[in-house]
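I opened my notebook to get to know a new structure. Have a look at it with me first.

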Amino acid sequence: MYVKIVGTGSFLPERVVDNFEIARMVDTSDEWIQTRTGIKTRHIATKETVASMATEAARKAVADAGISPEEIDLIIVSTVSAEQSLPCVACEVQKALGISQVTAFDVNSACSGFITGYQMAAGQIKAGLAKTALVIGSECLSNGVDWTDRGTCILFGDGAGAAVLRADCAPEELCIPCVLHADGSQGEALTCSLGHGKDKVPYDEYYRMDGKAIFKFATRKVPEVIREVLELSGHTVEEIDYFVLHQANKRIIDAIAKRLRQDESKFPMNIMDNGNISSACIPMLLDDMNRKGMLKPGMKLVLAGFGAGLTWGGFYLEW
Ligand code: ACO
């Protein structure tokens, strides 16, 4: 038996920035961006913050789960882009939802963050320390985008996705087919510092990325981790209905589908509309699928992500 996702929600800022607008800021084109990444538009926050977007997504997930916010006893927010270090975003969400008896903390493993959050929450549920968890990915990546760098500014967007987790069996009957990996030796491939060092000298506060290195890493490591997850859950790749992957580049997802020898229709995408929203991508895509009625009880899913750190991971989920 597995920890279930019983409700999903998401939030996108109203302001849409299309490729033509970006092409007025840097030397690029709609054609280049669409061909090389699959992205047509992204949403950019104007007044929204990581905490406000997380809260909106959380409210929708709680409503979708048909529970009262008081039933939540654990809130985990994954983010790399919060406007403030303290208090953590999870506590801001707790305050906004008006709930008291709750454990709340943030995690940062970049675009793998929703997978990390799921593993933390599922582990707490299995240990009997929590019953109903809210796991949220919320990002305002525009906080760290250098709008003069065409290698990164074309990719990122803002938004949030949330999921309510619960088990419908005794904690000791649960298994958690989830795998997480990290390789800090490759950390230079994607860096950003929002803030100042001890000497008050500002670090480079923009996303700096070796896109080619990450592309190569993702197309190799994501199929590997999907196979690890399937080995743990005892399923074959053919048995999986959908692979819900981090939305970084359409070509990365196509390459992963090819490596796994699975039809592209098993790899839903929303990168065209939203761009890469780091840890929010996976729960937002899951929410899209949920709202479109694509998810039927008993369906078998693998969710997998990769990102800065470098980190990567995945888990098996039954709907
Ligand atoms: N418009 C036009 N030309 C461009 C642009 C642009 N926006 N960006 C780069 N180019 C040019 C380059 O200068 C280069 O020109 P040259 O051949 O004259 O030197 C050419 O296009 C090819 O550049 P590459 O970097 O090789 O392009 P590539 O096909 O690798 O695409 C991209 C770049 C889209 C960044 C790709 O490498 C990628 O998506 N990588 C993965 C990135 C990723 O997943 N990052 C997120 C990690 S998740 C997280 O933690 C937030």
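Predicted model: local features only at pLDDT ≥ 70, side-chain atom pairs only at ≥ 80, totals over all residues.

Residues are numbered from 1 along each chain as its sequence is written, and side-chain values use heavy atoms, with hydrogens and water left out.

**The sheet.** I took helices (H or I, at least four residues) and strands (E, at least two) as DSSP runs, numbered from the N terminus. Two strands pair if DSSP finds at least two bridges between them. I found five strands in an open, mixed sheet, ordered S1-S7-S6-S4-S5. S1 (4-11) and S5 (103-107) are the edges; each has a single partner strand, so one side of each lacks a neighbour in the sheet. I then followed S1 to S7 (residues 158-166): they pair in the antiparallel sense over seven bridges. Ser10 has Gly161 in S7 as its bridge partner.

**The helices.** I counted contact as heavy atoms within 4.5 Å, and took angles, from 0 to 180 degrees, between N-to-C directions of lines fitted to C-alpha atoms, for helices over the stretch in contact. H4 (residues 89-97) lies across S4, S5 and S6, at about 130° to S4. H9 (residues 281-291) lies across S1, S6 and S7, at about 100° to S1.

**The rings.** Which residues form one aromatic cluster? I found Phe114, Tyr118 and Phe315 there. Both Phe114 and Phe315 are buried (under 20% relative accessible area, with exposed over 50% and partly exposed in between; 1.4 Å probe, protein chains only).

Terms used
Phe/Tyr/Trp six-rings, centres within 6.5 Å; stacked < 30°, edge-to-face > 60°.
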